[in-house]
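Thanks for coming, everyone. I have one structure to walk through today. Please have a look at it first.

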Amino acid sequence: MPNILNVFISDATIDSAYAWVCKNRKHYLPNADIWDLQFHWEKEREKIKQQLLSGKYQFKPLKIITRQDKTRQDKTRQDKTTIALWDAKDALVIKMLTLTLSDYLPIHERCEHIKGNGGGKQSALKINNILQQGEYHFVCRTDIKGYYANINKTQLLAQLNPLIKNDIIFNLLIQFVHYSVEDGGVFHTPENGIARGSSLSPLIGAFHLYLIDVYFSQIANIYYARYMDDFVILTKTRWQLRKAVKKLNQFFNQFSFKQHPDKTFIGKIDKGFDWMGAQFAQSGIVDIAPRSLKKILENIQRLYEQTPQRVAEYLNRSLRYFIASTDSPGTFRLIALVSSMAISPAV
């Protein structure tokens with residue numbers, strides 16, 4: 001395998017990261033720092049490269065940005081959205097780390113949110129196909145409460161240390177993990193957790209729980225999958241289910257995580273459970289999951305109030321995701337919404 005630092009500071013990595021940042025921030029406001037980076041790119045490119053090679057590059061604190069969007073129906077009411085945003089240069093370097101580390105960090109094939117491992121729709125279809133074979137009768141479907149915010153920084157860095165044999169890159173990872181946030185001149189460094197909303201977060205989230213993936217993928221007579229911090233385990237017997245749940249809880253305790261009480265179901269499959277937006281019964285997919293349908297309807301309402309032209313695009317994306325179960329009541333409801341708004345579904 002090539003030297004990790006050479007891969008990290010290669011022209012291909014830098015240029016790919018730059019193109020990604022520009023694409024993801026192309027709709028930012030005129031005073032956003034991405035435009036300054038683009039205008040001075042040739043100069044900044046070499047400056048950033050030299051800072052990285054010397055080990056002197058420092059991430060800036062994330063800034064809390066509050067956006068105010070007036071609704072279409074009520075011009076006096078404003079909806080506030082708060083996000084934590086990396087500096088454009090930092091987002092570039094973090095993307096460089098992501099592109100580099102994707103070949104150095106072990107990611108299990110059963111961790112299905114990572115590109116190349118299927119994605120949410122394919123994960124749901126796998127469960128559908130398995131259930132239709134009729135071998136599994138019990139399920140544990142759960143997720144971690146506040147996964148990103150509760151990652152133990154020391155534990156995560158201890159996992160990364162033996163795999164990242166370069167001080168420059170590991171120092172950048174230390175900075176990324178021990179991030180700070182600036183809000184109106186007040187600085188805060190969270191005791192636990194990593195920042196969401198970066199290109200590196202999903203990769204770190206996949207890697208951190210790798211040993212759980214390895215353990216359950218080797219157990220006979222069960223089916224296991226993970227999508228970030230969402231877990232599903234199918235078993236043939238109640239005894240297998242109890243044993244799997246006990247072991248999963250032991251892993252959660254090891255990482256100091258807790259199950260999300262509102263997103264956990266343990267019991268017989270024929271009572272129904274949700275996974276990747278789909279509702280499952282013993283026969284497989286039977287509908288869009290109630291939580292997902294509720295979220296879709298809420299998003300449609302919000303988009304219609306703010307930017308009506310985006311409703312069609314959003315509805316079509318939703319339909320394409322659920323097209324595998326077009327005979328379900330939830331999908332029919334979406335198609336009815338499309339029809340009532342005179343939108344032609346591109347599915």
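This is a predicted model: local features need pLDDT of at least 70, side-chain atom pairs count only at pLDDT 80 or more; totals for chains, interfaces and linings use all residues.

Take Y18 and W41. Their rings are stacked, 3.8 Å from centre to centre, with 5 degrees between the planes. Y18 sits in helix α2, residues 11-24, and W41 in helix α4, residues 41-54, so this pair ties together parts that are 23 residues apart in sequence. Both Y18 and W41 are buried.

Next pair: W86 and F176. Here the ring centres are 5.9 Å apart and the planes stand at 15 degrees, so this pair is stacked too. It links distant parts of the chain, 90 residues apart. W86 is in the loop between β2 and α5, and F176 is in helix α8, residues 167-177. Are these two buried or exposed? W86 has a relative accessible area of 5%, under the 20% cut-off, so it is buried. F176 has 1%, so it is buried as well.

There is also a ring cluster. Ring pairs join Y215, F216, Y224, F231, F251 and F252.

The average pLDDT is 87, and 85% of the residues score at least 70. Where does pLDDT stay under 50? One stretch is residues 70-78, with 18 contacts in the model beyond four places in sequence. Another is residues 342-347, with 15 such contacts.

Now the largest pocket. It holds about 1100 Å³ of space. Its lining has 32 residues. Which of them lie nearest the centre? Those are Y227, D230, M276, S292 and K295. Several elements supply at least two lining residues each: strand β3 (138-143), and helices α9 (201-208), α12 (290-306) and α13 (309-322). By class, the lining has twelve nonpolar, ten polar and ten charged residues.

Where is M276 found? It is in the loop between β9 (273-275) and β10 (278-281). Its relative accessibility is 12%, so M276 counts as buried.

M228 also has a positive phi, about 60 degrees, and is not a glycine either. M228 is in the loop between β6 (222-227) and β7 (230-235). At 11% relative accessibility, M228 counts as buried.

On to the second largest pocket. It holds about 820 Å³ of space. How many residues line it? The number is 20, and Y28, L29, A32, I65 and L85 lie nearest the centre. Strands β1 (62-70) and β2 (78-85) each supply at least two residues of this lining. The largest share, four residues, comes from β1. By class, this lining has nine nonpolar, three polar and eight charged residues.

To recap. The Y18 and W41 rings stack with centres 3.8 Å apart. The W86 and F176 rings stack across parts of the chain 90 residues apart.

Conventions:
Residues are numbered from 1 along each chain as its sequence is written. Side-chain values use heavy atoms; hydrogens and water are left out. pLDDT is the predictor's confidence in each residue, from 0 to 100. Contact means heavy atoms within 4.5 Å. On a 1 Å grid over the protein atoms alone, a cavity is a set of points where a 1.4 Å probe fits but cannot get out, and a pocket is an open set with protein on both sides within 12 Å along at least five of seven lines; lining residues have an atom within 4 Å of a point. Grid points are joined across faces, edges and corners, and a volume is the space filled by probe spheres set on the points. Ala, Val, Leu, Ile, Met, Phe, Trp, Tyr, Cys and Pro count as nonpolar, Asp, Glu, Lys and Arg as charged, and the others, Gly among them, as polar. Buried means under 20% relative accessible area, exposed over 50%, partly exposed in between (1.4 Å probe, protein chains only). Rings of Phe, Tyr and Trp (its six-membered ring) pair if their centres lie within 6.5 Å; planes under 30 degrees apart count as stacked, over 60 as edge-to-face and the rest as tilted.
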